[in-house]
Amino acid sequence: MKISKILLSVLQQLIAGQSVAASALRKDIADDLLSEGLLTVQTHGSRRTFRAIDADALKNFLQRHYEALRTIGDETTGLFETRSEQAAVSGNSKLVKIRSCPGFPVNSYEPIICSLRGNEFVINPIDGSFVFIDDWKRFSVPEDIVVVGIENMENFRMIRQQRKMFESLLGDKQLLFASRYPQSTDLRNWLLTIPNKYVHFGDFDLAGIHIFLTEFHKHLDDRSIYLIPSDIEQRLSKGSLTRYNEQYDKYHTLQCEIPYLQSLIDMINKHHRGYDQEGYINNEK
């Protein structure tokens, strides 16, 4: 399929933070971007529009994953001065999906002895750094390590400022923190190859719970749980009404058969608010 100027224009609009009609974006690309959590869907009666959740993340994803879009959105590049037009000149006008940086980052606040490609590998990043696991298919950790998946990159970077919370909720277990950034299914696919317990730490809103249920619990079943701090209802009562309202149309019917998680859903609906996980970062020095 040829890369049209219309398609490039639509992608540029998304990168610029504009909304575009869902029908204007090619279905295969729309499916990719939606599955990666890069687009939000808004409904206007019978019409649907797409909008980038994070314009920079969208641009980076397109540049990394599609060979023909390596320069899209760059300030030094004109609207159509991308590899797609060069490909059109050479006769290769297909979008080629690539994975230039597979894997996911991990973090810890104490040394964890792991295995990478059959060799001992100690994860012990100093404060202000983390480790990126590229060859995740040959990466393993001891079975007693609890893997904590953190949705927000700020929380992931600042795990030491949340240590007291993690210890109060998860005890003295060794924790390996992991992130889906850059967003892909690599983390989940890795979790499917190991028997370790998985704890999901995300936003306390309906969309965050939906992510856990559909992208993790659906595949990991009972060895996956949602991290819920003991004071969450108090925080929800002062949370974001706007966040709740934005998610209401899509997620207001959300229910699950996990009692503790259904209780969280009920709290969110009771207070009509959501709460961002960044609120649990302790910035006191």
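**A walk through the sheet and its helices**

Start with the open sheet: six strands in the order β7-β4-β10-β9-β11-β12, with mixed pairing. Before you click on, keep in mind that this is a predicted model.

Colour the two ends of that sheet next. β7 (131-133) and β12 (224-226) are the edge strands; each has a single partner strand, so one side of each has no neighbour in the sheet. Look along the sheet and you'll find neighbouring strands turned against each other by 30 degrees on average, direction ignored.

Zoom in on the β7 end. Here β4 (residues 104-107) pairs with β7 in the antiparallel sense, over three bridges. To see a bridge, select Val-106 together with Val-131, its partner in β7.

Now move to β10 (residues 175-179) and pick Ser-179. Is Ser-179 buried or exposed? With a relative accessible area of 1%, Ser-179 counts as buried, because the cut-off for that is under 20%. Show what surrounds it: leaving out residues up to four places away in sequence, Ser-179 touches Phe-104, Pro-105, Ile-150, Met-153, Phe-156 and Leu-187.

Helix α8 lies across β11 (198-201) and β12, and runs at about 165 degrees to β12.

Last stop: helices α1 (residues 5-15) and α3 (residues 55-65). Their axes come within 8 Å and cross at roughly 145 degrees. Sorted by type, the contact residues come out as six nonpolar, no polar and one charged.

Definitions and conventions:
Residues numbered from 1 in each chain as written. Predicted model: local features only at pLDDT ≥ 70, side-chain atom pairs only at ≥ 80, totals over all residues. Heavy atoms only, no water. Axes fitted to C-alpha atoms, helices over the stretch in contact; angles between N-to-C directions. Helix = DSSP H or I, 4+ residues; strand = E, 2+ residues; numbered from the N terminus. Nonpolar A, V, L, I, M, F, W, Y, C, P; charged D, E, K, R; others polar. Buried < 20%, exposed > 50% of the residue type's maximum accessible area, 1.4 Å probe, protein only. Contact = heavy atoms within 4.5 Å. Pairing = 2+ DSSP bridges.
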